[in-house]
Amino acid sequence: LPDVEVTKEVACLTGPDSCGPYAKAAIGIAQPPECPAFCYRISIRNADDDVPITVLTVNDSLLGNISAAFADALPLVPGEVVVREFKGIEVCTDTRNTVTVLGRSAQGFEDTDTDFADARVLTIAARCALTLFSSLDQDGNPNDNTISLPADSVDVPIAFKIVLQNIGNHAIRVTQLDTALPHGITLPIVLALNETREINGEVVV
């Protein structure tokens with residue numbers, strides 16, 4: 001009887017046509033709206049000592065029916081292994097990917113095997129809101145986040161509020177705030193999953 005064995009592995013895509021080390025799980029970093037890309041490696045072995053495998057049907061929960069990728073390896077003689085890589089597969093959420101292989105002999109006998117690999121996605125994302133306030137603001141709208149000062153103003157204190165929110169799926173370290181304000185805020189700021197941090201301060205302009 002035929003005896004087919006399949007091994008499924010995953011790696012991070014590290015270049016246009018290059019992959020990192022293969023393993024049962026890999027972790028990619030998502031920076032919305034972009035998702036990480038992975039490589040998958042599927043190895044199929046004829047584990048029988050005597051019976052060649054003449055038909056392979058390979059179905060994958062993420063890649064679909066990929067039997068054609070293995071067709072040129074048939075017949076798979078006893079002990080032989082065929083390996084195929086599938087690169088640049090975008091994954092946006094944690095995904096367990098399962099492959100099922102059916103091997104058939106020329107006499108019509110069949111054997112099946114399955115295996116899986118896990119693509120894990122860390123989403124690094126933060127939301128930042130800045131609010132300014134001054135008692136000398138002349139534009140008449142305290143909610144427009146714009147301060148209009150008298151022309152001869154010197155050393156006017158401007159109050160600010162920065163709200164940082166971690167909207168990813170992992171703790172993050174905020175290492176840079178892109179603002180012209182000389183804010184004096186100590187960095188980095190560590191935000192736990194779903195944490196919101198409010199920072200209040202004052203600058204003189």
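Hi everyone, a quick word before we start: when I say two residues are in contact, I mean that they have heavy atoms within 4.5 Å of each other. Please also keep in mind that what you see above is a predicted model.

Let's begin with serine 18. Setting aside the neighbours within four places in sequence, serine 18 is in contact with Cys12, Leu13 and Cys39. Serine 18 belongs to strand S2, which covers residues 18–19. Look at cysteine 39 in that list: it is 21 residues away from serine 18 along the chain, and the two C-alpha atoms are separated by 8.6 Å.

Now let's go inside. As a general point, nonpolar side chains in soluble globular proteins tend to be buried together. In our model, the largest nonpolar core has 15 residues. Those with the most contacts inside this core are Ile42, Ile44, Leu56, Val58, Phe70 and Val101. Which strands supply at least two residues each? They are S1 (4–15), S4 (37–46), S5 (55–60), S7 (81–90) and S8 (95–104).

Not counting residues up to four places away in sequence, leucine 56 touches Val4, Ile44, Ser67, Phe70, Leu74, Leu76, Val101, Leu102 and Gly103. There is also another core, lying apart from the largest one. That other core has 14 residues, including Ile158, Phe160, Ile185 and Val203.

On to the sheet. Five strands make an open sheet in the order S3-S9-S8-S5-S6, and the pairing is mixed. Which strands sit at the edges? Strand S3 (25–30) and strand S6 (64–65) do, each pairing on one side only. Strands S5 and S8 run antiparallel, joined by six bridges. For a landmark there, find aspartate 60, which stands opposite valine 99 in S8.

While we have strand S3 in view, isoleucine 27 is part of it.

Last topic: charges. In general, side chains of opposite charge can pair when their charged atoms come close. How many salt bridges does a search of the whole structure find? It finds nine, and I'll walk you through some of them.

Glutamate 5 forms a salt bridge with arginine 45, with the closest N and O atoms 3.3 Å apart. This pair links distant parts of the chain, as glutamate 5 is in strand S1 and arginine 45 is in strand S4, 40 residues apart. Glutamate 5 has a relative accessible area of 36%, so it is partly exposed. Arginine 45 is partly exposed too, at 33%.

Next, glutamate 110 and arginine 104 meet through their side chains in a salt bridge, at 2.6 Å from N to O. Glutamate 110 is partly exposed, with a relative accessible area of 44%, and arginine 104 counts as partly exposed at 26%.

Finally, glutamate 195 and arginine 197 form a salt bridge between their side chains, at 3.2 Å from N to O. Glutamate 195 has 25% relative accessibility and so counts as partly exposed, while arginine 197 is partly exposed at 30%.

Notes. Residues are numbered from 1 along each chain as its sequence is written. This is a predicted model: local features need pLDDT of at least 70, side-chain atom pairs count only at pLDDT 80 or more; totals for chains, interfaces and linings use all residues. Side-chain values use heavy atoms; hydrogens and water are left out. A nonpolar core is a set of buried Ala, Val, Leu, Ile, Met, Phe, Trp, Tyr and Cys residues joined through side-chain atoms within 4.5 Å. Buried means under 20% relative accessible area, exposed over 50%, partly exposed in between (1.4 Å probe, protein chains only). Helices (H or I, at least four residues) and strands (E, at least two) are DSSP runs, numbered from the N terminus. Two strands pair if DSSP finds at least two bridges between them. A salt bridge is a side-chain nitrogen of Lys or Arg within 4 Å of a carboxyl oxygen of Asp or Glu.
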